[in-house]
Amino acid sequence: MIDPKDATRLVAEEIEKASKEDIEEPLKDSSNVLPMDRCTPSSSGDGNVTQLNLFRPSDAPLPLNAYLASALTGLSANERSLVFQLSDTVSLVCEKHGIDLYEPRKKTDPVHHPHIDDTEVFNTDRERVLDSDLLIFLSHFPSTGAGQELDFAYNAMLPIIIVSRSQDKVSRM
């Protein structure tokens, strides 16, 4: 059995020996599978193909998904209003930059969605955090749920953005 280093070396040697025509000819025969306008061979200057780019990257930006963590349980009407205003502001900023923001308040809020089972809330929110590219945390009010969401994001090595008031002291944890 061949080891990966030897296999890499052997493949590299074969590719270095190949001419541009050696690479292009078989691809022309399979143009219905791989259109030639999407293939670009590169050579080292001596006529040998050193790299074959099968697909050119698209100019379209990759979509980003963000998760908005905040307190939702046990808030007064004024506190809920502040969280919702902040959430709306973060949503507008994300939309402006092409970031799809998941807001639990719109899907699993304990006041607006009391019929959703606790286990379903936990599983839904955990899955949404782990499917995100970053987490945005509104740290204005203490929250066990947001703390768990931060832990999920931290363990998944997601970037975390903390939004807080300048006069508030955010826990060092």
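Predicted model: local features only at pLDDT ≥ 70, side-chain atom pairs only at ≥ 80, totals over all residues.

A: Residues are numbered from 1 along each chain as its sequence is written, and side-chain values use heavy atoms, with hydrogens and water left out.

First, the layout. The protein chain has five helices and six strands. Both are DSSP runs numbered from the N terminus: helices are H or I with at least four residues, strands are E with at least two. From the N terminus on, the order is α-α-β-β-β-α-β-α-β-α-β. Of the 173 residues, 29% are buried. Buried means under 20% relative accessible area, exposed means over 50%, and partly exposed lies in between (1.4 Å probe, protein chains only).

Now the core. A nonpolar core is a set of buried Ala, Val, Leu, Ile, Met, Phe, Trp, Tyr and Cys residues joined through side-chain atoms within 4.5 Å. The largest one has 11 residues: Y67, A69, Y102, V129, L135, F137, A146, L150, F152, A153 and L158. Strand 3 (64-69), strand 5 (134-138) and helix 5 (144-155) each give two or more residues to this core. Helix 5 supplies the largest share, four residues. In soluble globular proteins, nonpolar side chains tend to be buried together.

Take A153. Leaving aside neighbours within four places in sequence, A153 is in contact (heavy atoms within 4.5 Å) with V129, L135, L158 and I160. There is also a second, separate core of eight residues, including L68, V90, L134 and L138.

Next, the loop between strand 5 and helix 5. H140 sits there. H140 counts as buried because its relative accessibility is 10%. Not counting residues up to four places away in sequence, H140 touches L82, L86, V163, S164, R165 and D168.

Last, the surface. Y154, I160, I162 and V170 form a nonpolar patch there, with about 380 Å² of accessible area together. Accessible areas come from the Shrake-Rupley method with a 1.4 Å probe; for residues, only the protein chains shown count as cover. Patch residues have over 30% relative accessible area and no salt bridge, and nonpolar side chains (Val, Leu, Ile, Met, Phe, Trp, Tyr) are joined within 5 Å. A salt bridge is a side-chain nitrogen of Lys or Arg within 4 Å of a carboxyl oxygen of Asp or Glu. V170 lies in the segment after strand 6 (160-163). V170 counts as partly exposed because its relative accessibility is 32%.

Conventions: Patch = residues over 30% accessible without salt bridge, like charges linked within 9 Å, V, L, I, M, F, W, Y side chains within 5 Å.
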